[in-house]
Amino acid sequence: MAHQDGIALYGPPASQVIAAPRPTDLYTAIRASVREHGEGEGHLADNRVLNGCRSVVYCRTGRWFAKRDAAGQVAAAQEDFRPLIEAAVRSFERPRAAALSLPAPQVRAFLGWVRALVDENAAAVGA
């Protein structure tokens, strides 16, 4: 993300001094994140869903987007998951101690779909 959108406070643009990670390394990290979020330990459900959206949008575009922006893109394209994603955004906008409860089976199904998409894209780059 720093390579993509970093802002230099002084000197050359961030993209010139911060190297982009190799696709294989990046997909290894994305896969690990998706697995971790799929297990749910220590993560609020809204964060799990929204980070899943970011992974999906990265797979589709090769760029990182903020959670709300990524959620909007995935919700617009995936009607079946739209209610869950919209609930995750509403929850994310609340104080963390007041996060909404999201239906665990739907969160698991969504993250399973995300994992399959990430695995497919990772295989395409040899990760």
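Author: Happy to. Beyond its neighbours within four places in sequence, Val56 is in contact with Val74, Trp113, Val114 and Leu117, where contact means heavy atoms within 4.5 Å. This is a predicted model: local features need pLDDT of at least 70, side-chain atom pairs count only at pLDDT 80 or more, and totals for chains, interfaces and linings use all residues. Residues are numbered from 1 along each chain as its sequence is written, and side-chain values use heavy atoms, with hydrogens and water left out.

Reader: Thanks! Where does Val56 sit, and is Val56 buried or exposed?

Author: Val56 is in helix α4, residues 45-61. Helices here are DSSP runs (H or I, at least four residues), numbered from the N terminus. Val56 counts as buried because its relative accessibility is 0%; buried means under 20% relative accessible area, exposed over 50%, and partly exposed in between, with a 1.4 Å probe and protein chains only.

Reader: And how many residues apart in sequence are Val56 and Leu117?

Author: They are 61 residues apart in sequence, with 7.1 Å between their C-alpha atoms.

Reader: Switching to aromatics: how many pairs are there?

Author: The whole structure has 5 aromatic pairs. Rings of Phe, Tyr and Trp (its six-membered ring) pair if their centres lie within 6.5 Å; planes under 30 degrees apart count as stacked, over 60 as edge-to-face and the rest as tilted. Tyr58 and Trp64 are stacked, because their ring centres are 4.6 Å apart and their planes are at 20 degrees. Both Tyr58 and Trp64 are buried, and together with Tyr27 they form one aromatic cluster.

Reader: What about Phe81 and Trp113?

Author: That pair is tilted, because the centres are 5.3 Å apart and the planes at 40 degrees. Phe81 lies in the loop between α5 (67-77) and α6 (82-92) and Trp113 in helix α7, so the pair ties together parts 32 residues apart in sequence. Phe81 is buried, at 15% relative accessible area, while Trp113 is partly exposed at 24%.

Reader: Nice. At what angle do α3 and α7 cross?

Author: The axes of α3 (residues 23-39) and α7 (residues 104-124) cross at roughly 165 degrees and come within 10 Å. Axes are lines fitted to C-alpha atoms, for helices over the stretch in contact, and angles run from 0 to 180 degrees between N-to-C directions. So α3 is roughly antiparallel to α7, a label for angles over 145 degrees.

Reader: Which residues meet there?

Author: Among them are Tyr27, Ile30 and Val34 in α3, and Leu111, Val114 and Val118 in α7.

How values were computed. Helix = DSSP H or I, 4+ residues; strand = E, 2+ residues; numbered from the N terminus. Parallel < 35°, antiparallel > 145°, perpendicular 65-115°, else oblique.
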